[in-house]
There are 2 protein chains.
Amino acid sequence: MAKIVPVDNGSKRDVVIKSAAAMFRDKGFAATSMRDIAEQLGVEAPSLYNHITSKKEILGEICFGVAKMFIANLKEVESSSSSVLNKIESIIRFHISMMVEEYKSVYISDHEWKHLPEPYLIDFKNQRRNYRSKLAALLQKGIDKGEVNPVNPHVAVLTILSAIGGIDNWQRSSKKIDRKTLEENMVKLLIDGLKK
Amino acid sequence: MAKIVPVDNGSKRDVVIKSAAAMFRDKGFAATSMRDIAEQLGVEAPSLYNHITSKKEILGEICFGVAKMFIANLKEVESSSSSVLNKIESIIRFHISMMVEEYKSVYISDHEWKHLPEPYLIDFKNQRRNYRSKLAALLQKGIDKGEVNPVNPHVAVLTILSAIGGIDNWQRSSKKIDRKTLEENMVKLLIDGLKK
C-alpha cells in the first residue's frame, strides 16, 4: 500500500490549507469565506494573502493533493503480481485508510471539486474519470479471469467508492465502532460481494 | 414495497419546496438564500413568505417528508412474512428507488439535516438513529438465523446506505448505465456480500 502523505506538512501555507479544509468540510466550500478562515486562524484576513491567493487555490491544493495519492497507490498496486481480487482488496483498504486518516481532504475532493475554476475543473474531472475507468478495467479483468463475479464493473466501482465514502458518517459519529472493526467488516462485505 | 409519495404534490407551497430542494442540492443549503429561491421561481422575495416562513421550514418539510417514507416502508417490510434476506433486499430496492425518483429530497435529508433548528434537529437525529438501529437489528436477526454472514451489523448498515447514497453521482453523470442495470447490479453486490 502506498504511503499516505498528509496534505499538511507544517509550513504556514499548509496550516492555512488544513484549517480551510476543516471549514470547507463542516460549512461547505460555498459558505466559507476567506474572512472565516482568517478568523479561525486568529489572523487578519489580509495577512492570509501572503500565503494563498484565493479560496479556490486552497480547494485546488486539496483536490489535486488527494487525487495524486490515489493515483500513486493505484500505480503501485497495478504493478504488483497479486491476483486481481487481492489488488482490489488492497485498493479498498487504501481508500478506507484515506477516509480514516485524511477524511477532511478526501471528503472535500469528493464533494466540493465542482467549485474548481477552469482549467482545473476539466483537469480534475478527467483525473477522476480516468481513475474510475482504471478501477472498472481492473474489475473487468477479474471477471474475464473468473476471479470476480460477473457484475457491471462501473456499478461495482460506484458501489465500492460510495460505500467507503460513507466513513465520513462514522467520522462525524461518536465512533462506537473501532477502526479495525470498521475496516475488516467493510472489506469483507465488499469483497464477498465480488468474489466468485 | 411502500408507495413513493413525491414531496411535491402540486400546491404553490410545494412548488416552492421543490424549487428550493433543487437549489439546496446543487448549491448547498447554507449558500442558498430565500432571494435565490424567489429569483429561480421568477417571483419577488416577499411573496415567497405567503407560502413559507423560512429556509429552515423548507428544510424541515424535505427532511421529515423523506424520513416518513422510509419509516413507512420499513414498517411494511417488517410486518411481512418474508425471510430476513428478502426483507433486506426489499429495503435496499426501496432506497434505490428513492434515490432514482426522489434523489434531490433524499440527498438533502442525508446531507443537509445538520442545518435543522432545534427542536427539529434532535427529533430528526433520533428518527435517523432509530431507523439505522432497526436495520441493524434486522441484520442481526438474519445472522442469528444463519441467513446472513456474520458481520458487524452497524458497519453493514453504513456500507449499504452509503453505497446507495452514491447513486447521487449517477444522477449527476451522463447516465451511460440505465436504471435497471444500476439497481440489479447494486442489489447483487450488496446481497451477495451478506448472503451465507
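**View 1. The fold of chain A, from the N terminus on.** The elements of chain A follow the order α-α-α-α-α-α-α-α-α-α, giving ten helices and zero strands. Helices here are DSSP runs (H or I, at least four residues) and strands are E runs of at least two, numbered from the N terminus. The radius of gyration of chain A is 18 Å, close to the 16 Å that the globule rule gives for 196 residues, so chain A is as compact as a globular protein of that length. That radius is taken over C-alpha atoms, and the globule rule is 2.2 Å times the number of residues to the power 0.38. Along the principal axes, the C-alpha atoms of chain A fill a box of roughly 60 × 40 × 25 Å.

A word on conventions: this is a predicted model, in which local features need pLDDT of at least 70 and side-chain atom pairs count only at pLDDT 80 or more, while totals for chains, interfaces and linings use all residues. Residues are numbered from 1 along each chain as its sequence is written, chains are lettered from A and ligands numbered from 1 in the order in which they are written, and side-chain values use heavy atoms, with hydrogens and water left out.

**View 2. How chain A and chain B are related.** The same surface serves both copies, as 100% of the contact residues of chain A recur in chain B.

**View 3. The contact between chain A and chain B.** Each chain can be inspected in turn here: 33 residues come from chain A and 33 residues from chain B, with contact meaning heavy atoms within 4.5 Å. The area buried between the two chains is about 2600 Å², and carbon and sulfur atoms give 69% of that area. Buried area is the accessible area (1.4 Å probe) that two parts lose on being put together, summed over both. In chain A, the residues that lose the most area to chain B are Val155(A), Leu158(A) and Leu189(A), together 21% of what that side buries.

View 4. A salt bridge needs a side-chain nitrogen of Lys or Arg within 4 Å of a carboxyl oxygen of Asp or Glu. On the side of chain A that touches chain B, α10(A) gives the most, with ten residues.

**View 5. A salt bridge within chain A.** The side chains of Glu184(A) and Arg93(A) meet in a salt bridge at 2.9 Å, N to O. Glu184(A) sits in helix α10 and Arg93(A) in helix α5 (residues 84-101) of chain A, 91 residues apart.
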